[in-house]
Amino acid sequence: MTALLNHVYRVLDIAIFTREADGLFHLQSPLPDWLLFFVGHASRHAYDLLDIFPYLHCFIFDAEQQWQAKKSEPIASGPWLEVNAVEEVPLEANALWVEGKEVLLLQNLGEKYYREVEHLQYLRNGLLNQEILESEVRKRTLEIQRREEEIAIKLVSLTSYRDEETGSHVRRIGLYAAAMARALNWSRVDVDNIRIAASMHDIGKIGIPDRILRKNGALNDEEFSMMKTHTEIGARMLLGSNIPMLDMAADIALHHHERWDGTGYPNGLAGEAIPVAARITSIVDIYDALVHERVYKTAIPEDESIALMKDMSGRHLDPNLLDLFLHLLPVMRQIRNEVKEQDEETIAA
């Protein structure tokens, strides 16, 4: 049995000590060759390991707690390096309580340590490479989003040549909607999507004849029925791409004239049956149209505009989203100030 244990000690490259009443650590196993360099005398059997290995001062507090709690499961010090005459020696200590004894195991980790270091370096390099790849993906994603936004603005600008709406207006609609989505804790992707999608709400007007779209004065019933089809035209233009942003834009285009009380068009949807992106766009579109001048109307002061919108709450507009919009009014004003009507040519360029 002793020969078997001695073989195990050599294979594991381990030395076993017990701490005795004299405060020294008494060797209970054969003295390994690597340890001889540090202790100096093979004939001795008791050592002040804290003096020989100063690193153990960092571990002894945890070891004391283990011994006082009389825990038989080992607690490890973690590896450290000592230097003998020719090389570094990676060591690790374990403390445990065995049959009434305070036991300290001291092991030379050898190649196991260096393999673990190599593995950790490999993982670290892998994480760095992953971080680089993720950074590149983020960069490419932003480039795609910028291109999508530019395409959206260009598409919407086609209707601007035929309609009273300006490029500044559609840009503000997207920014207003994104501010509300952010306040609703939408994901960053969905916030970016509505910023672009909301600006395309009236894209279907490209299919409305000029005699109706640019008519001075009120539309008759037949003309108004034709005008209402811009919602369905816009949805048909945007559907079928399998691009989430364009799918959202199709929902907005189709439903931004639905009303909370079900009296809107084209489908007479009511309440939360109306897609939330469309409900948001309806609020911000009305706000921007009221407070800005158009060829057919003067700008209405903001306080009067807000009073009109409050009167629409629960009938035309989602009351909860309107409350959120009013809470964000300082943000909306900042957007108005930053994207002014005279900026249209710069934005569309």
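This is a predicted model: local features need pLDDT of at least 70, side-chain atom pairs count only at pLDDT 80 or more; totals for chains, interfaces and linings use all residues.
Lys-70 lies in the loop between H4 and strand E4 (75-76). Lys-70 is not a glycine, yet its phi is positive, about 55 degrees. Is Lys-70 buried or exposed? Its relative accessibility is 57%, so it counts as exposed; the cut-off for that class is over 50%.

With 81% relative accessibility, Glu-99 counts as exposed.

The whole structure holds nine aromatic pairs. One of them joins Phe-17 and Tyr-47. Their ring centres are 6.3 Å apart and their planes stand at 85 degrees, so this pair is edge-to-face. Phe-17 belongs to strand E1 (residues 14-19) and Tyr-47 to strand E3 (residues 46-47). The pair therefore ties together parts that are 30 residues apart in sequence. Phe-17 has 0% relative accessibility and so counts as buried. Tyr-47, at 0% relative accessibility, counts as buried too.

Phe-25 and Trp-67 make another aromatic pair, this one tilted. The distance is 6.5 Å centre to centre, with 50 degrees between the planes. Which elements does this pair connect? Phe-25 lies in strand E2 (residues 25-27) and Trp-67 in helix H4 (residues 60-68), so parts 42 residues apart in sequence are tied together. Phe-25 counts as buried because its relative accessibility is 2%. Trp-67 is at 1% and so counts as buried.

Ring pairs also build a cluster. Its members are Phe-37, Phe-38, Phe-53, Tyr-55 and Trp-80.

Helix H6 is mostly covered, with 13 of its 17 residues buried. Just after H6, Asn-185 takes a positive phi of about 65 degrees.

Helix H7 (residues 188-197) is next. Seven of its 10 residues are buried, so H7 is largely enclosed by the rest of the structure. Which residues of H7 are buried? They are Val-191, Asp-192, Asn-193, Ile-194, Arg-195, Ile-196 and Ala-197.

Tyr-265 draws attention in two ways. Lys-228 lies over the face of its ring, at 5.4 Å from the ring centre. Tyr-265 is also joined to Pro-266 by a cis peptide bond, with omega about 10 degrees. Pro-266 lies in the loop between helix H11 (244-255) and helix H12 (276-291).

The tour ends at a pair of helices, H14 (residues 319-327) and H15 (residues 329-338). Their axes come within 4 Å and cross at roughly 65 degrees. On the H14 side, the contact is made by Phe-325, Leu-326 and His-327. Helix H15 contributes Leu-329, Pro-330 and Met-332.

How values were computed. Residues are numbered from 1 along each chain as its sequence is written. Side-chain values use heavy atoms; hydrogens and water are left out. Buried means under 20% relative accessible area, exposed over 50%, partly exposed in between (1.4 Å probe, protein chains only). Helices (H or I, at least four residues) and strands (E, at least two) are DSSP runs, numbered from the N terminus. Rings of Phe, Tyr and Trp (its six-membered ring) pair if their centres lie within 6.5 Å; planes under 30 degrees apart count as stacked, over 60 as edge-to-face and the rest as tilted. A charge sits over a ring if NZ of Lys or CZ of Arg is within 6 Å of the ring centre and within 35 degrees of the ring normal. Axes are lines fitted to C-alpha atoms, for helices over the stretch in contact, and angles run from 0 to 180 degrees between N-to-C directions. Contact means heavy atoms within 4.5 Å.
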